[in-house]
Amino acid sequence: MAYRILTVILLFISLSSHAENWELEMDKEGIRVFLSTPQDSSFKAYRAETIIKALPGAIASILADMSLSCQLMYGCKQARLIKQQGYDYWAYSQIKAAWPVSDRDLSIYSHAELEEDGTIVVKVSALPENVPAAKDHIRITKLDGFWKFIPIDSQTTQVIYQVAAEPGGSVPAWLANKFVVDGPFETLKAFRQHAEAIK
């Protein structure tokens with residue numbers, strides 16, 4: 001049970017996404033997960049990569065659908081869009097844990113950009129004061145990351161999902177770092193299955 005709790009929490013975590021010295025921790029089913037320790041945090045950052053047989057815009061649309069993306073993100077209990085202005089998004093999500101660990105919640109800001117080569121980059125950061133924390137939830141206040149959808153050809157896209165954050169509460173870094181790989185792996189696996197099924 002402790003393994004499941006920490007994996008759920010750590011899906012959204014580990015503090016600067018400018019971490020260096022990435023080390024490959026998992027290479028399975030066409031998904032690779034790398035870990036690195038940012039200079040300003042003891043929590044591991046993760047970077048997950050895979051190839052999806054779908055266009056960048058189609059995958060980005062799945063991510064932008066809060067209800068759908070919550071279903072695909074490992075451990076997400078609920079998510080809702082608070083406000084959208086063009087390619088700027090403000091959202092709120094809750095992360096399910098199990099007793100005795102409290103559920104987490106997260107207020108985020110994201111901005112989507114389209115690059116000249118067709119790559120779509122969605123940058124995500126915590127905005128902890130934007131929405132009050134839910135009762136009996138611990139607020140994640142530090143998060144920085146991005147999704148990157150890079151076109152390979154007319155049918156396939158390289159997806160990079162990178163996050164660095166801290167879970168809040170009393171989860172020690174040495175223990176949390178043992179369980180940071182499964183969350184991004186399961187998330188990319190679910191996104192790939194969904195995106196390729198709706199072609």
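Mentor: In this predicted model, the largest nonpolar core has 42 residues, and V122, W147 and F149 are those that touch the most other members. Among the contributors to this core, α5 gives the most, with five residues.

Let us begin with V122. Leaving aside residues up to four places away in sequence, V122 touches L63, S110, H111, A112, G145, F146, W147 and F149.

An α-helix has 3.6 residues a turn, so residues three or four places apart point the same way.

The aromatic residues come next. The whole structure contains five aromatic pairs. One of them is formed by W90 and Y109, a tilted pair with 5.3 Å centre to centre and 50° between the planes. W90 belongs to strand β5 (residues 88-95) and Y109 to strand β6 (residues 103-114), so this pair ties together parts that are 19 residues apart in sequence. W90 counts as buried at 15% relative accessibility, whereas Y109, at 25%, counts as partly exposed.

W147 and F191 form another tilted pair, with 5.0 Å centre to centre and 40° between the planes. This pair links distant parts of the chain, since W147 is in strand β9 and F191 is in helix α5, 44 residues apart. Both W147 and F191 are buried. W147 and F191 also belong to one aromatic cluster, together with Y46, F149 and Y161.

Two lysines complete the picture of the rings. The charged end of K83 sits over the ring of W90, 4.4 Å from the ring centre. K28 lies over the face of F185, at 4.8 Å from the centre of that ring.

Finally, there is the disulfide, the one found in a search of the whole structure. This bond joins C70 to C76, with an S to S distance of 2.1 Å. The torsion about the S-S bond is about -100°, so the disulfide is left-handed. C70 is buried, with a relative accessible area of 7%, and C76 is buried at 15%.

Notes
Residues numbered from 1 in each chain as written. Predicted model: local features only at pLDDT ≥ 70, side-chain atom pairs only at ≥ 80, totals over all residues. Heavy atoms only, no water. Disulfide = S-S within 2.5 Å. Buried < 20%, exposed > 50% of the residue type's maximum accessible area, 1.4 Å probe, protein only. Core = buried A, V, L, I, M, F, W, Y, C linked by side-chain atoms within 4.5 Å. Helix = DSSP H or I, 4+ residues; strand = E, 2+ residues; numbered from the N terminus. Contact = heavy atoms within 4.5 Å. Phe/Tyr/Trp six-rings, centres within 6.5 Å; stacked < 30°, edge-to-face > 60°. Lys NZ or Arg CZ within 6 Å of the ring centre and 35° of its normal.
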